[in-house]
Amino acid sequence: MEPGPVRRRITAALLLGISLAALESSAVAAAMPTVIGDLGGMARLSWVFSAYLLTSTATVPLFGKLVDLIGRGKVYYFAAATFLLGSMLCGLAQTLDQLIVFRAIQGLGAGGLFPASVTLIGDLYKLEERGKVQGLFAANWAITSLLGPAIGGLVTDALSWRWVFFLSLPAGLASIVLLAIYLREPKRSVSRRELDVAGSVLVFLATTLLLVGLLEGGEWGWQSPATLGSFVLAGLALVGFWFQERRAVDPVMPLDLFANRVIAVSAAQSTVLGGIVFIASAFVPILGQGVLGGSALSAGMLLAPMSLGWPIASTLAGRLLLAVGYRRLMIVGSGLALVSASVLAGVILEPPISRSLVFVTMFGLGFGLGLVSTPQLVAVQTAVPWERRGVATSSLQFFRSIGGALAVSLGGALLASCLTGELGAHADTLLEPTGRAALAPELVQRLSGELLVGLGPVFLALAGLTGLLLLVGWAFPRGSAQDHAHAEPES
C-alpha cells in the first residue's frame, strides 16, 4: 500500500484522466452545431458520436484483460496517450469524415481509461476506504459531465470549436506525468500466458456489429437487410466468442467469472442501469424542449438534478457501505429510482406536467442510481482476486454501454411510432426554438400534446427498467461487505 501523500497524488492524476473522458463527451455535444456549420455533413452527424461509442465499448474487454496481464500503469499510459492523440487530431480535422475517424481513435483511448483508473483505485485502497474513494470518482464524473456543455459552449463561442478538443491536452499530459513519477506497481505472480487474440477479435466484432445495428436500425429500417445482417453476424460472432472462451487457456473474458453470484448480478444490474441512464439522457431533453418549451440549454439542464443527485448519493453510499452492506443500499437506491421514474411516467400519461416536477423526479432518479452504482463497483472489485480485478471492473463498463445502446434503440423505436401525420411533418420545427416560435400557438399546443402522448411509452419503459433494477438488486447475495470480500493482496 502506497504512503498517504503518494496515494493522494496518484488519485489526483487518475481523477484528471477520468475527467478528460467525461468533459470531452459532454462538451463536444455543445460544439457540434458549430462544427457542422464549419465542416458540413449533417447527414453523418450521428457518426461523430457513434464512432466514439463503438470503439470505447468494443475495446473494453481487451483493455480489462491487459490491465491484469501487463499492469495497470502501462494500460493507463497507452490509453491516455491514445485519447490525447485523438483529441489533437479532432481539433485539426478538416472534414467531417476525418473528425469521425479521429473520434474513433479518441474512443479507443477512452475504452482503456476507465478500467485502468478504477482498477488502480481498487489496488491503492483497502475495502474500508475503497467505497469513499470510488464515490469521489463517481462525483467527479457526474460534476464534470454537468459542466461539460457549458464549458463547450463558452470555449466554442470565445475561441473555436477546435479548442474544445485541445482543452484536454494540458490536463491529460499532467495526468500521465504525475502517474509516471509516483506510481510504483508491485510485482505480482500473475500468469503471463499468450493473449487471447481470437477471443478479443470476436468480442470486438460482436459488439461492433450489435451496436451498428442498434444505432443505425432506425435509419436503415429495423427489417432492412443491413440491420438484420448486422444482428445475425453479431450473433454468429458471439457464438464463436463463447466457444473460444471455453477452450482458451487464458480467455479475454473468463466465463467462469460469472459463476460468482456477485459478478453475475452486478453485470445484469449494470446492463439495466446503463439503459436507465441512456434513456433519461436521450429523452428528458426532448420532453423539455418539445413539450415544456425553451432552448436546448434549458432542456439539457433538466438532466442537471440527476447529475447532482448521483454524486451526493455515491459519496453517501461509500461512507455507509460497511455499516449497511451492498444489498440494502442497492435495494433502497433502486426503490427510490422506481418511485421517481414512476411519478414522472404517471404525469406524462396524465398531464399536466411542470418543469419543477421533472427537476424533482430527476434528482430522485439520480440519487437512487448513485446508491446502486458505488456498492456495485466496490462489490465487484472486492469479490475477485487481484489478478482478475481488471477484467471484473471492465465488465461493468462494457455491460452498461451495451444496455444503454439497447435501451435507446427501444426508446427511439417507441417514439418513432408516434411521429406520423402532422407531428411527423413538424417534429424538427417543434424542437427548434426559432421554428417553434414561428408556428401558430394552437398548432404548437396540439403538436406538444401529441409528442407528450408519444413519449408516454418511452417513460413507461424507463419506469419498467427501474423496476427491473430493483428485482435484480433483490437477487444480490445477502451478507455484509466483508462476507463477499476476496482476500486482499499483501502490500
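Predicted model: local features only at pLDDT ≥ 70, side-chain atom pairs only at ≥ 80, totals over all residues.

Modeller: Residues are numbered from 1 along each chain as its sequence is written, and side-chain values use heavy atoms, with hydrogens and water left out.

Biologist: How many helices and strands are in the protein chain?

Modeller: The protein chain has 19 helices and zero strands. Helices (H or I, at least four residues) and strands (E, at least two) are DSSP runs, numbered from the N terminus.

Biologist: What makes the span of H8 close to the expected one?

Modeller: The expected span is 1.5 Å times one less than the number of residues. H8, residues 168–182, has 15 residues, and its first and last C-alpha atoms are 21 Å apart, close to the 21 Å expected.

Biologist: Which residues of H8 are buried?

Modeller: Ser168, Gly172, Ser175, Ile176 and Leu179 are buried in H8. Buried means under 20% relative accessible area, exposed over 50%, and partly exposed in between (1.4 Å probe, protein chains only). These five cover an arc of only 95 degrees around the axis, so they lie on the same side of H8. The arc is that of the directions from the helix axis to the C-beta atoms.

Biologist: Why is the pair of Trp161 and Phe165 called edge-to-face?

Modeller: Rings of Phe, Tyr and Trp (its six-membered ring) pair if their centres lie within 6.5 Å; planes under 30 degrees apart count as stacked, over 60 as edge-to-face and the rest as tilted. The ring centres of Trp161 and Phe165 are 6.2 Å apart and the planes are at 90 degrees, so the pair is edge-to-face. Trp161 has a relative accessible area of 3% and is therefore buried; Phe165, at 2%, is buried. The whole structure holds eight aromatic pairs.

Biologist: What makes Phe398 and Phe399 an edge-to-face pair?

Modeller: Their centres are 5.5 Å apart, with 75 degrees between the planes, which gives an edge-to-face pair. Phe398 has 8% relative accessibility and so counts as buried, whereas Phe399, at 22%, counts as partly exposed. Ring pairs join Phe258, Phe398 and Phe399 into a cluster.

Biologist: Which residues touch the most other members of the largest nonpolar core?

Modeller: Leu287, Met362, Leu369 and Phe459 do, in a core of 45 residues. A nonpolar core is a set of buried Ala, Val, Leu, Ile, Met, Phe, Trp, Tyr and Cys residues joined through side-chain atoms within 4.5 Å. H19 supplies the largest share of this core, twelve residues. Leaving aside neighbours within four places in sequence, Phe459 is in contact with Phe283, Val284, Leu287, Leu344, Ala345 and Ile348. Contact means heavy atoms within 4.5 Å.

Biologist: Why is Leu308 called partly exposed?

Modeller: Leu308 has a relative accessible area of 46%, so it is partly exposed. Leu308 is in helix H13. Leu308 and Gly366 are 58 residues apart in sequence and 7.2 Å apart in space, C-alpha to C-alpha.

Biologist: Is Gln244 buried or exposed?

Modeller: At 9% relative accessibility, Gln244 counts as buried. Gln244 is in helix H10 (residues 225–247). Beyond neighbours within four places in sequence, Gln244 is in contact with Asp196, Ala198, Gly199 and Leu202.
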